[in-house]
Amino acid sequence: MRASTFPLASALTLFLLLALWACSGASEREPEPASAPRAAPSAQQPAPSAAAGAAAKTQDTSMASQRSKSGYDIAPLPRAKVTELAKNLPPEVYRVTQKAGTEPAFCGDLVDNHKQGTYLCVVCGLPLFSSEAKFDSGTGWPSFFQPFDPAHIEERSDVAYGMKRTEILCVRCTAHLGHVFEDGPRPTGLRYCLNSASLRFLENGAALPAESRPAAASASAPQTEVAYFAGGCFWGIEHYFQLGQGVISAESGYMQGRVEKPSYKQVCDGSTGHAEAVKVVFDPSQISYQRLLEAFFVMHDPTQLNRQGPDHGDQYRSGIYTTSAEQERAARAAIEQLAKSARYGSRKIVTEVEPAKTFWPAEDYHQDYIEKTGRACHVSNPWTEQVEAK
Ligand SMILES: [Zn+2]
């Protein structure tokens with residue numbers, strides 16, 4: 001339990017709750033810690049406050065993997081390294097990240113940032129949040145409904161100011177980031193409430209600094225690439241992409257539409273312009289984009305305009321949404337080649353190829369739908385040989 005465990009008994013507590021709601025508490029309201037500042041303990045050590053440390057979800061870093069699922073080195077930095085990095089921080093950034101400070105609401109420079117890109121830890125550069133999960137919470141602090149990778153965020157119980165909250169920290173350098181609450185929007189219901197001062201924003205297309213890239217493939221970490229496909233109802237497309245060897249994850253969502261954070265109902269009504277799409281994260285050293293394209297064309301019928309099997313409507317259109325010029329070239333070449341082949345006879349391929357716009361994850365109950373329900377679907381298995389060989 002997170003936000004819902006606030007004590008609500010007394011008027012005083014209620015006042016505190018209102019005053020400090022969200023990651024609230026402008027600097028003047030925040031008493032400095034009585035003891036020495038909380039200067040970036042290593043992740044193996046419990047939090048300095050015994051009360052906070054007791055219930056905290058501490059990171060088992062000794063035996064656990066030092067590599068996140070998205071391929072980043074998340075081994076805790078040595079204390080000396082953190083101290084060195086922290087030395088160069090502007091005073092306000094130092095106060096927030098190293099002393100668990102909070103910036104005043106509506107004052108951070110990332111609250112109203114609507115650009116597409118990645119939010120990095122301002123201290124060590126680890127990617128922490130993506131613009132895909134950012135939403136306007138109205139609190140005055142940058143808010144996200146999910147992290148870039150859950151393994152990049154450490155959670156600790158925080159009982160300061162007579163409240164029970166969950167502090168969030170960078171898992172690699174233990175920079176204080178903010179708090180997480182259980183009153184967020186779909187699909188997670190979580191609200192990660194951040195300080196702008198804890199983050200560095202990097203717009204899509206900008207070169208990532210070395211410390212913000214996945215660990216080298218030679219060190220057994222997968223280099224990942226993202227591909228997006230729309231082939232009718234996303235349940236089956238997601239299910240079969242997930243089975244591909246070298247596919248790290250497949251997720252159902254909505255893309256290429258006109259409104260933000262569409263719901264399934266809105267998309268079904270056909271008024272938002274979104275396609276049901278699947279986000280595929282894959283390791284290109286194990287499976288090529290070309291192979292994903294081939295699988296995509298086995299799974300669905302690219303000659304059906306704005307429908308697929310029993311489903312009708314432009315949300316069921318066939319589409320490939322590219323994340324690079326190479327992907328776009330490969331997608332167009334694949335379609336051209338298929339068009340020349342005899343596979344579809346005289347029927348025209350209607351698959352659209354467009355640069356990927358924002359991917360909005362679908363509601364939880366749509367994720368892993370085939371697996372959870374055991375339901376069959378009209379999608380053909382593109383990995384038949386591979387699956388049988390297992
Ligand atoms: Zn960090």
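Helix α7 (residues 289–299) lies across β10 and β12 and runs at about 15 degrees to β10. Here helices (H or I, at least four residues) and strands (E, at least two) are DSSP runs, numbered from the N terminus. Axes are lines fitted to C-alpha atoms, for helices over the stretch in contact, and angles run from 0 to 180 degrees between N-to-C directions. This is a predicted model, in which local features need pLDDT of at least 70 and side-chain atom pairs count only at pLDDT 80 or more, while totals for chains, interfaces and linings use all residues. Residues are numbered from 1 along each chain as its sequence is written.

If you click along α7, you will find these buried residues: Y289, L292, L293, A295, F296, F297 and M299. A residue is buried if 20 or more other C-beta atoms lie within 10 Å of its own, exposed if 12 or fewer, and partly exposed in between, with C-beta atoms placed from the backbone. The buried residues of α7 pack against β10, α5, β12 and α8 (325–340); contact requires C-beta atoms, placed from the backbone, within 7 Å.

Now for the sheet behind this helix. Its 6 strands form an open sheet with mixed pairing, in the order β16-β15-β10-β12-β11-β17. At the edges are β16 (352–355) and β17 (360–361), each pairing on one side only. Two strands pair if DSSP finds at least two bridges between them. Strands β10 (residues 225–231) and β15 (residues 318–322) are antiparallel partners over 4 bridges, and Y228 has Y321 in β15 as its bridge partner. Helix α5 (residues 234–242) also packs on the sheet, touching β10, β11 (247–255) and β12 (275–282), and its direction makes about 165 degrees with that of β11.

Helix α8 is also the place of R332. R332 counts as partly exposed because 14 other C-beta atoms lie within 10 Å. R332 and I320 are 12 residues apart in sequence and 9.4 Å apart in space, C-alpha to C-alpha.

A few loop residues deserve a look at their backbone angles too.

| Residue | Backbone feature | Loop |
|---|---|---|
| Y161 | positive phi of about 60 degrees | between β5 (153–158) and β6 (165–170) |
| P187 | cis peptide bond with R186, omega about 0 degrees | between β7 (176–181) and β8 (191–194) |

Y161 is partly exposed because it has 16 C-beta neighbours inside 10 Å. D368 is partly exposed too, because 16 other C-beta atoms lie within 10 Å.

Note on methods. Two residues are in contact if their C-beta atoms, placed from the backbone, lie within 7 Å.
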